[in-house]
Amino acid sequence: MAQSKTPELPAHEGLARLARTFSALSTLALWLAGIGLVAMTFIVSWQVFTRFVLNWSNAWTEPAAVLLMSWFIFLGAAVGIRENYHLGFDVLLYVLPKSSKRVLRSISDVVVIAFAIGMVWYGLQLVALGWPARLPSLGIPEGVKYLPIVAGGALIILFSIERLLLRWSGVDVDADINLEAVPDLADAPKEV
């Protein structure tokens with residue numbers, strides 16, 4: 001699994017420490033998402049094996065797999081925000097002057113923060129509403145199903161604020177792999 005990248009650190013020590021801390025947090029979230037994906041794969045495989053080979057079904061496998069899937073989706077989305085791999089509508093960046101890129105990306109980050117605040121706010125309400133009920137197949141509070149929304153939203157807020165702070169301190173956090181120069185195939189080494 002790839003390790004999260006830390007942007008070129010700013011001269012300000014506080015921002016550099018923040019970037020290192022969030023890089024470690026992003027790496028942890030990425031590892032947890034990867035472990036969740038592997039665990040979900042094993043659970044679904046077990047479910048298929050028991051259902052079609054042993055003619056027996058486990059009640060806990062499907063809700064556990066869905067819960068794990070929620071965790072790795074929302075953790076992965078937060079890492080995607082930090083690593084600049086999230087979806088975007090970048091048409092304006094191609095037609096407007098390059099100097100406007102920082103402003104447009106900042107507006108995008110503010111919109112993402114607003115959306116993530118909604119995730120946390122309404123996710124907490126869902127957790128509170130579902131907490132008294134139990135998931136019968138897992139024996140845990142039903143509100144646990146909504147914790148990934150809250151955790152993912154909180155990480156998205158933190159990572160978006162980090163992007164804003166680093167961008168406006170002079171760090172290029174908006175490097176776009178699609179805008180990089182494509183190497184000329186004539187310069188590629190030839191196979192013998």
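Reply: Start with Phe49: it is partly exposed, with a relative accessible area of 37%. Partly exposed lies between buried (under 20% relative accessible area) and exposed (over 50%), using a 1.4 Å probe and protein chains only.

Me: What should I know about the model and numbering?

Reply: The model is predicted, so local features need pLDDT of at least 70 and side-chain atom pairs count only at pLDDT 80 or more, while totals for chains, interfaces and linings use all residues. Residues are numbered from 1 along each chain as its sequence is written, and side-chain values use heavy atoms, leaving out hydrogens and water.

Me: How many aromatic pairs are there in the whole structure?

Reply: Two. Rings of Phe, Tyr and Trp (its six-membered ring) pair if their centres lie within 6.5 Å; planes under 30 degrees apart are stacked, over 60 edge-to-face, and the rest tilted. Phe22 and Phe159 form an edge-to-face pair, 5.8 Å centre to centre with 75 degrees between the planes. Phe22 is in helix H1 and Phe159 in helix H5, so the pair ties together parts 137 residues apart in sequence.

Me: Is Phe159 buried or exposed?

Reply: Buried, at 0% relative accessibility. Phe22 is buried too, at 10%.

Me: And what about Trp46 and Phe49?

Reply: Trp46 and Phe49 form a tilted pair, 6.0 Å centre to centre, with 35 degrees between the planes. They are three residues apart in helix H1, so about one helical turn separates them. Trp46 is partly exposed at 36%.

Me: Which nonpolar patch is on the surface?

Reply: Its members include Trp46, Phe49, Leu54 and Trp60, and the whole patch has about 890 Å² of accessible area. Like charges are joined within 9 Å, and nonpolar side chains (Val, Leu, Ile, Met, Phe, Trp, Tyr) within 5 Å. Areas come from the Shrake-Rupley method with a 1.4 Å probe; for residues, only the protein chains shown count as cover.

Me: Switching topic. What is the fold pattern?

Reply: Along the sequence, α-α-α-α-β-β-α. Helices (H or I, at least four residues) and strands (E, at least two) are DSSP runs, numbered from the N terminus.

Me: What do the buried residues of H4 pack against?

Reply: Helices H2, H3 and H5, plus strand S2. Among those buried residues are Val112, Ile113 and Met119.

Methods. Contact means heavy atoms within 4.5 Å. Patches are made of residues with over 30% relative accessible area and no salt bridge: like charges are joined within 9 Å, nonpolar side chains (Val, Leu, Ile, Met, Phe, Trp, Tyr) within 5 Å. A salt bridge is a side-chain nitrogen of Lys or Arg within 4 Å of a carboxyl oxygen of Asp or Glu.
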